[in-house]
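These are my notebook entries from a first look through this structure. I went place by place and wrote down what I looked up.

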Amino acid sequence: MSAAEAFYAAHAAAAADARDDAHDDDDDGLWTPGAARALARLESAFRVPKQKLHEIVKHFAKEMDRGLAAPNQTLKMIPSFVVNLPKGSETGTYLALDLGGSNFRVCEVTLEGAGSSGAVSNVRMRQRKYVVSDDLKTGRGTDLFDFFADCVREFLVENGIHATDPAHNELVLGFTFSFPCSQTAINKGALMHWTKGFTASGVEGQDPVQLLQDAFHRKQLRVRVASLVNDTVGTLVAHAYQDPSTHLGIILGTGTNAAYVERIDRIPKWDGPIPASGKMIVNTEWGAFDQEGVVLPLTSYDSVLDRQSAHPHLQTYEKMVSGLYLGEVMRLVLADLASTGELFRGVSSTVLTTPYSIDTALMSRIERDHSAELADVRVVLEDLISIPKTSAEDRRIVKRVAELIGTRSARLAAAGVAAIVSKINRLDDCTVAIDGSLFEHYPHYANRMRDALREIVGIAADNILLVQARDGSGQGAALIAALADA
Ligand code: ADP
Ligand code: MG
């Protein structure tokens, strides 16, 4: 074997090992020496080995305890004022607004209860999605809330629901507002700071319930905002309506976050009344985890993304995990490999050099292509990202990069789940309700999480049920409005 061949073989073997570790399901064959070098470098940067997962879980536990003990910690551990899970017998019709980050939805939720047969509790829902433009996200807060009220009016008119006629009862609405808010009551709070690209003026420090209620008044809508709900809390509550083993609600969408059921005596900073249930749902705001950069395996790409983001030094974990950011991490890697000549023969494109031009949905599409020539990856790269010409190896590298970034996200999310499930001692039986397009649509996401859970907690991972809880945030807000209204 020549020196060059030996070099090639060694790197190909290293790359193959790393791939196996990351549970790659394809046999990518051999790489040219340049590609093998690039992939070995990326694999060591993006891999989250078992040992690292353990360190992250340990740090998570410490940070959760800090957040439960005192305000203004990295993990905010916000008491939600939701002290009861639904019984499954709740009934009635409620409105819900769900502002997630990418989508804004207006829903009408009808809770039908479990009925006398003891069947699974039924929920009927009518909903419509609206897009929040970048101008609204970054403009004046009053315009943003007026827009919400206008959407509600449109929804009500379309569905023949009366909301201006004093002869009809006031409508009751649950507001899912998925940004960190310190709450002082089930329908009162203050936005701590915007995340996920929102910067609308005059909202930080204010009560989103009041801002929404004021907008309804301006628009003469007889709608009462009965609850302020984080989407994680809504997802948890909505799923618990059907499955009482549900103790966690997770969002893996534009952003990422988690809520769970905590014992009130384990929340030292809680100085309110002790609820009869002895429990309180806590919104962890885990997107902020490790803002100090103690344990997360940050790459140079993550640092660039952070520096150029709307909120530098904030939401460090979220930036490695959630849908808003994965495509951008991918873009930064591909642009770098193009600039070093390791991809596309050194040719880039305007799309590739434009921040946030690659949506995470494109990574899903790339990972879903199992054709021999990666024909759909070619469509993505050449037609959508405007790379003039790609080789088969280019496309295999791009797919591998997507796998690395997508797998890292799932494994980090699993570490958070493991930390919470261990904390509440539910390793014997716990349902985790998960909402968000990333979890729902990204190929292998749930399996990658399960693999990581197994590495962290061993066989007990089989008792942790990760379930898709679609539309949980809207339904949950309605349920919480129902519980608050009762
Ligand atoms: P929200 O966070 O507003 O409630 P979603 O749960 O729909 O909304 O999440 C939107 C995020 O999910 C976006 O960042 C988008 O990039 C990502 N996303 C949408 N479709 C897909 C897909 N097919 N695969 C992976 N990510 C996706
Ligand atoms: Mg959502």
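Which residues does Leu298 touch, not counting those up to four places away in sequence? I found Gly293, Thr316 and Met320, where contact means heavy atoms within 4.5 Å.

**Ground rules**

I am working with a predicted model, in which local features need pLDDT of at least 70 and side-chain atom pairs count only at pLDDT 80 or more, while totals for chains, interfaces and linings use all residues. I count residues from 1 along each chain as its sequence is written, with chains lettered from A and ligands numbered from 1 in the order in which they are written, and side-chain values use heavy atoms, leaving out hydrogens and water.

**Leu298, continued**

I placed Leu298 in the loop between strand E11 (279–283) and helix H8. My helices (H or I, at least four residues) and strands (E, at least two) are DSSP runs, numbered from the N terminus. At 41% relative accessibility, Leu298 counts as partly exposed. For that scale, buried means under 20% relative accessible area, exposed means over 50%, and partly exposed is in between, with a 1.4 Å probe and protein chains only. I also checked Leu298 against Trp194: they sit 104 residues apart in sequence and 23 Å apart in space, C-alpha to C-alpha.

**Ligand 1**

Next I asked how many residues surround ligand 1. I got 16, and the closest are Ser102, Thr254, Asp359, Ser364 and Ser437; a residue is near the ligand if one of its heavy atoms lies within 4 Å of it. I sorted the shell by type and got three nonpolar residues, 12 polar and one charged. In that sorting, Ala, Val, Leu, Ile, Met, Phe, Trp, Tyr, Cys and Pro count as nonpolar, Asp, Glu, Lys and Arg as charged, and the others, Gly among them, as polar.

Then I looked at individual atoms. A polar side-chain atom of Ser364 is 2.5 Å from a nitrogen atom of ligand 1. For Thr254, a side-chain N or O atom is 2.8 Å from an oxygen atom of the ligand. Gly101 uses its backbone: a polar atom there is 3.2 Å from an oxygen atom of ligand 1.

Taken alone, ligand 1 exposes 570 Å², and the protein buries 82% of that; these accessible areas come from the Shrake-Rupley method with a 1.4 Å probe, and for residues only the protein chains shown count as cover. Helix H10 (323–339), helix H11 (360–368) and helix H14 (437–441) are the elements that give two or more residues to the shell. H11 gives the largest share, three residues.

**Asp98**

I found Asp98 in strand E2 (residues 91–99). Its relative accessibility is 7%, so Asp98 counts as buried. What does the side chain of Asp98 make a polar contact with? One partner is the side chain of Arg105, at 2.7 Å, and the side chain of Ser473 is another, at 2.8 Å. A polar contact is a pair of N or O atoms within 3.5 Å; within protein, one must be able to donate a hydrogen and the other to accept it, and residues adjacent in sequence count only if both atoms are side-chain atoms. Beyond four places in sequence, Asp98 touches Asn103, Phe104, Arg105, Thr176, Ser473 and Gly474.

**Helix H5**

I took the span of H5 (residues 141–158): its 18 residues reach 26 Å from first C-alpha to last, close to the expected 26 Å. That expected span is 1.5 Å times one less than the number of residues. Its buried residues include Leu144, Phe148 and Val152. The buried residues of H5 pack against E2, strand E3 (103–113), strand E4 (122–131), helix H4 (134–138), strand E5 (171–177) and H6. Just after H5, Gly160 takes a positive phi of about 65 degrees.

Leaving aside neighbours within four places, Ala238 is in contact with Gly472, Gln475, Gly476 and Leu479.

**Positive phi**

Lastly, I noted Gln220, a residue other than glycine with phi near 55 degrees. Gln220 is in the loop between H6 (208–218) and strand E8 (223–229), and is exposed at 60%.
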